[in-house]
Amino acid sequence: MGIADLDNGDPDVFGVTGGIYPKQQDVYSTPRVMYRNLGNGRFEELLGMGGPAIDAPHSSRGCAFGDFDNDGDVNILVINHNEPPSLRNDTTLDCDQVNGC
């Protein structure tokens with residue numbers, strides 16, 4: 001779980017999920033969770049708006065935020081269990097996709 005500004009506004013929330021027992025496929029690979037801060041203590045879940053690196057289900061263990069490609073915006077690196085990491089290079093949320101922009 002982490003907090004980062006993903007839309008050049010208030011701090012947003014991002015979390016990784018996933019089971020630890022591969023034989024339990026229904027809870028092993030799960031999508032990540034991302035919430036946009038609407039202000040005044042309200043958040044909006046951004047299900048399906050994270051792009052392929054975020055929306056694809058994995059058994060993830062942790063995440064890190066930084067400008068990994070040196071372009072001035074926040075990127076998300078997700079560590080997956082027994083798989084390569086996932087990297088989202090462009091975390092700026094498109095206001096046309098998000099309600100309330």
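Two strands are taken to pair if DSSP finds at least two bridges between them. On that basis, β3 and β4 form a hairpin with two residues between them, and N40 in the turn has a positive phi of about 55°. The model is predicted, and the points below should be read accordingly.

**Overall architecture**

- The protein chain contains two helices and seven strands.
- Read from the N terminus, the elements follow the order β-β-α-β-β-α-β-β-β.
- Of the 101 residues in the protein chain, 36% count as buried.
- Among contacts in the protein chain with a separation of 6 or more, 43% are between residues 24 or more positions apart.

**Confidence of the prediction**

- The mean pLDDT of the protein chain is 82, and 86% of the residues score at least 70.
- Confidence in the protein chain is highest in strand β4 (residues 42-45), at a mean of 94, and lowest in helix α1 (residues 25-28), at 70.
- Over residues 94-101 the pLDDT stays under 50, and for this stretch the model has eleven contacts beyond four places in sequence.
- Where pLDDT is low, the predicted coordinates should not be read in detail.

**The four-stranded sheet**

- Four strands make up an open sheet in the order β1-β2-β3-β4, and their pairing is antiparallel.
- The edges are held by β1 (2-4) and β4, each with a single partner strand, so one side of each has no neighbour in the sheet.
- From one strand to the next, the twist in this sheet averages 30°.
- Strand β2 (residues 12-15) pairs with strand β3 (residues 33-39) in the antiparallel sense over three bridges.
- Two residue pairs can be named between these strands: V13 has Y35 in β3 as its bridge partner, and F14 has M34 in β3.
- On to the next pair, β3 and β4 are joined in the antiparallel sense over four bridges, with Y35 standing opposite E45 in β4.

**The three-stranded sheet**

- A further open sheet has three strands in the order β5-β6-β7, again with antiparallel pairing.
- Here β5 (60-66) and β7 (86-88) stand at the edges with a single partner strand each, so one side of each lacks a neighbour in the sheet.
- The twist averages 15° from one strand to the next in this sheet.
- Strand β6 (residues 75-80) and β7 run antiparallel and are joined by three bridges.
- V78 has S86 in β7 as its bridge partner.

**The nonpolar core**

- The largest nonpolar core has nine residues, namely A4, L6, F14, V16, M34, L46, I54, I76 and V78.
- F14 and M34, both members of this core, are also bridge partners.
- V78 belongs to the core and has its bridge partner, S86, in β7.
- Which residues does I54 contact, leaving aside its neighbours within four places in sequence? They are F14, R32, M34, I76, V78 and R88.

- N37 is found in strand β3.
- Is N37 buried or exposed? Its relative accessible area is 14%, and buried means under 20%, so N37 counts as buried.
- A polar atom of the N37 side chain lies 2.9 Å from the backbone oxygen of P11.
- A polar atom of the N37 side chain also lies 2.8 Å from the backbone nitrogen of G39.
- Apart from neighbours within four places in sequence, N37 is in contact with D10, P11, D12, R42 and F43.

**D10 in the β1-β2 loop**

- D10 is placed in the loop between β1 and β2.
- The relative accessibility of D10 is 38%, and therefore D10 counts as partly exposed.
- Leaving aside neighbours within four places in sequence, D10 contacts D5, N37 and G39.
- D10 and G39 are 29 residues apart in sequence, while their C-alpha atoms are 7.0 Å apart in space.

Methods. Residues are numbered from 1 along each chain as its sequence is written. This is a predicted model: local features need pLDDT of at least 70, side-chain atom pairs count only at pLDDT 80 or more; totals for chains, interfaces and linings use all residues. Side-chain values use heavy atoms; hydrogens and water are left out. A nonpolar core is a set of buried Ala, Val, Leu, Ile, Met, Phe, Trp, Tyr and Cys residues joined through side-chain atoms within 4.5 Å. Buried means under 20% relative accessible area, exposed over 50%, partly exposed in between (1.4 Å probe, protein chains only). Contact means heavy atoms within 4.5 Å. pLDDT is the predictor's confidence in each residue, from 0 to 100. Axes are lines fitted to C-alpha atoms, for helices over the stretch in contact, and angles run from 0 to 180 degrees between N-to-C directions. A polar contact is a pair of N or O atoms within 3.5 Å; within protein, one must be able to donate a hydrogen and the other to accept it, and residues adjacent in sequence count only if both atoms are side-chain atoms.
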